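Look at the sequence and the model shown here. The questions and answers that follow go through some parts of the fold.

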Amino acid sequence: MKQITDCAGVPLPVFGKGIVISCGEVAGARPAGSVFLLTVRLAADAAEPLAGQFYLLRSEPSGVLLGRPISVYTANRTADGVLLGFLILKKGAGTQELCAVRPGDGIEVLGPLGNTFPAPRADDRACIAGGGIGIAPVAGFATTLPDGSYDFYASFKSGSYGLEHIAAKNLIVTTDDGSEGIRGMISAALTADVIRQRGYTVLYACGPTPMLAYLQGICAQAGIRAYLSMENRMACGVGACLGCTIATTQGNKRCCKDGPVFDGATLDFTPPKDRPIRLPPLPSEPDLSVDIAGVRFSNPVIAASGTFGYGSEYASVFDVNKLGGICSKGLTLQARGGNTGIRLVETPSGLINSIGLENPGIDHFIQHELPAMLRLRPVTIANLSGSSLETYVEGARLLDATDVPMIELNISCPNVKAGGMAFGMDCAAAASVTKAVRAATKKPLMVKLTPNAPDLVGIALAVREAGADAISLVNTFQALAIDLNTGRPVFDNVRAGLSGPAVKPIALRMVYDVVQAISRLPERERIPVVGLGGIATWQDAVEFLLAGAAAVQVGTATFANPLAMTQIADGIAAWMKAKGFRTIAEFRGMAQ
C-alpha cells in the first residue's frame, strides 16, 4: 500500500492488505458486545489518513461481496507501519465478520477515502457532536485540535464509549435511557439557544441522520457553520459507481468522494416517505399459524420439494416436527432413475443441480413413504410431476385416494427432457394441465411455477382460472456450468437449475409481482401465494411475507445449515414480537 498523494499532498486511495493487531469488545457500549475496537497495521509506506476519512474493510476470507465503509477512529505512524483504529458496530454480515477477526488475520483495505473536516478558524469557538457509532470520526478529529479548544457532545441510546481521547473544555454526554449523563437525545443538551449562549461559531458532527437533520436546523437558527459527516451504502468507495449519492441543494453528491463531510447548509434532509414500523412490543408469543387453501399450517416455514426427502431423513439432525409443512420429493407415475453424470455444481452463493426427478414412483410413495410422512406433525404436501398430461392426471387420481392433505403440481422442473417445465412455460399449457389435474382430485391444489417463463404473471393468473387453490414460486433458474478441463458443459443435459441465496432478490421480485396481480382481482377470486427461492435467513422469509407470500418454502439453505428452517421460524416469531404483530396476516403484503 505505497503512499500516493495528489498535487496538494492529499493521500489517494490504495488497495492492499492490513494485518489485525487486536479486536475486542468496547467497554461501556450497550448492549455488551455490540461495538468492537479493531486495530489494523498497514505497511510502513502506507498513507496516514486525515481526520474524517474512512476505509473500505473486508475480512479475509469473507462471505460478503463488498467492503464495509468504516471511519477512522485513531491513526498513528510507528516504526512498524501505520496503526489504524476502527470502532465497529456489529450489525450485518460484513461487520459481524470484521468483529470476529483475530490477531494476525488479514484485512482487505481500500483507502484512505473521502474528504476531511476543515480546521477551525483562529477565532472559532468549536462544538463537536457525535451520536452512537458516529463518535468515531469526530473523536478522531478532536484529537487534531488543541486540548480545551472545543466542547464535545456525545449522544447514545445507552452507555457510552469512544471518549477516551477527548480533551474537551466541556464534555457533555446524553443517553436515551439516562444510564450516562443527561437523560434524553442530543436535543436535551444542545439547542440553538445553547449555541448562542456558549458562543459557538462552528459545529462538526457525525451520527444518525435524524440527529444530523436536527443539528442542521439549530445551526441555521443560530447562524453558525456546520460540517456534517454523512454515511450511505457504498460499492466502489472512489466515486465511480454513483451508488452512494447524497441529496444536496447543489444536486446529488457522492458520499464517498465529495464527502463524507459536507457543508451542513447544503444537505437536503427531506424526510423519507416510509417510516419504520412502530408498534408496542407484543407481551405474549405471536401466532405463526397460516391457512393455505383451507389447510392449517402451524407456522409458515415449509421444506421445499427435492431438498428434504420425505421428512424422516433429517429427523436425527433436528426436530422436523417444528416445521409448518414438508413437500415430498418430486413424484412421477413411474419410478425414475434421474439424470446421468454430474448432478451438483456449487457456485458463489448458489447451487446448480441436475437431479432429474429421481424418485420411486407414486405407488411406492403411497405404500412406503407417505405413511411415515403423515405420522409427522408438519403438513404433508405431495409434489406431483409428470412427463405427459396423462401421467399427471393418473398421478393425481392415485394421490386423491390417499390421506395426503395437499398436492403441489410441479410444472416447473428444468431438469427433465419431457414434461416438467415445458408445461409451465406458456399460459395455455399451464392452464390445460392444471384443469386436467383439478378434475382428477378434490385435494387442495397448489401449482408450482417456473421463473424461466416469459410471462410468469400471466401463467399465474391462468392456473388460478383453471382451478389452482394456491401457487408456489419460484422453482430453480436455468443455468449452465462449463468444465475447464474438458471445455464442455458439466451436465449431461447441458442446462440445469440454479438455487440458493444468489436467486433470492429475483425470486422476491417475482413473488411480489404475482401477489400484486392477484390482489387486483375481486377478493373471492384471490388465491394464496407461497414464496420460495434463495431463502436462507429469517430476514429473507420476512421479506417474502411482507411482499405478500402466505408462507415460504426453504430448500438449498438446509444443505448449508441443517437448522436453517427452525431458526427461520424462531426469527419470524422474534421479529413479530418485537414489532408488535400478533399474526402474520397483520403484516402480510405490507410492502405492496
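This is a predicted model: local features need pLDDT of at least 70, side-chain atom pairs count only at pLDDT 80 or more; totals for chains, interfaces and linings use all residues.

Q: Which residue in E29 is the bridge partner of Ile 471?
A: Strand E26 (residues 470–473) and strand E29 (residues 529–532) run parallel and are joined by 3 bridges. For Ile 471, the bridge partner in E29 is Val 529.

Q: How many of the 10 residues of helix H8 are buried?
A: Helix H8 takes up residues 456–465 and is mostly covered. Its buried residues are Leu 456, Gly 458, Ile 459, Ala 460, Ala 462, Val 463 and Arg 464. They pack against H7, E25, E26 and helix H9 (504–519). The number of buried residues in H8 is 7.

Q: Which residue takes a positive phi just after H8?
A: The phi in question is about 125°. The residue with this value, just after H8, is Gly 467.

Q: Which are the edge strands of the open sheet?
A: The open sheet has 4 strands in the order E21-E22-E28-E27, with antiparallel pairing. An edge strand here pairs on one side only. The edge strands are E21 (344–347) and E27 (477–480).

Q: What is the bridge partner of Phe 477 in E28?
A: E27 and strand E28 (residues 495–499) pair in the antiparallel sense over 4 bridges. In E28, the partner of Phe 477 is Leu 498.

Q: Where is Val 474 found?
A: The peptide bond from Leu 473 to Val 474 is cis, with omega near 10°. Val 474 is in the loop between E26 and E27.

Q: Where is the place of Pro 260?
A: The peptide bond from Gly 259 to Pro 260 is cis, with omega near 10°. Pro 260 has its place in the loop between strand E15 (251–254) and strand E16 (261–263).

Q: Is Leu 242 buried or exposed?
A: Leu 242 is in the loop between strand E13 (225–229) and strand E14 (245–248). Its phi is near 60°, a positive value in a residue other than glycine. The relative accessible area of Leu 242 is 55%, and the cut-off for exposed is over 50%. Leu 242 is therefore exposed.

Q: How does Ser 349 count in terms of relative accessibility, and what is its value?
A: Ser 349 lies in the loop between E21 and strand E22 (350–353). Although Ser 349 is not a glycine, its phi is positive, about 60°. Ser 349 counts as partly exposed, at 47%.

Q: What percentage of the 592 residues of the protein count as buried?
A: The secondary structure comes to 12 helices and 30 strands. A residue counts as buried under 20% relative accessible area. Of the 592 residues, the buried share is 53%.

Key. Residues are numbered from 1 along each chain as its sequence is written. Side-chain values use heavy atoms; hydrogens and water are left out. Two strands pair if DSSP finds at least two bridges between them. Helices (H or I, at least four residues) and strands (E, at least two) are DSSP runs, numbered from the N terminus. Buried means under 20% relative accessible area, exposed over 50%, partly exposed in between (1.4 Å probe, protein chains only). Contact means heavy atoms within 4.5 Å.
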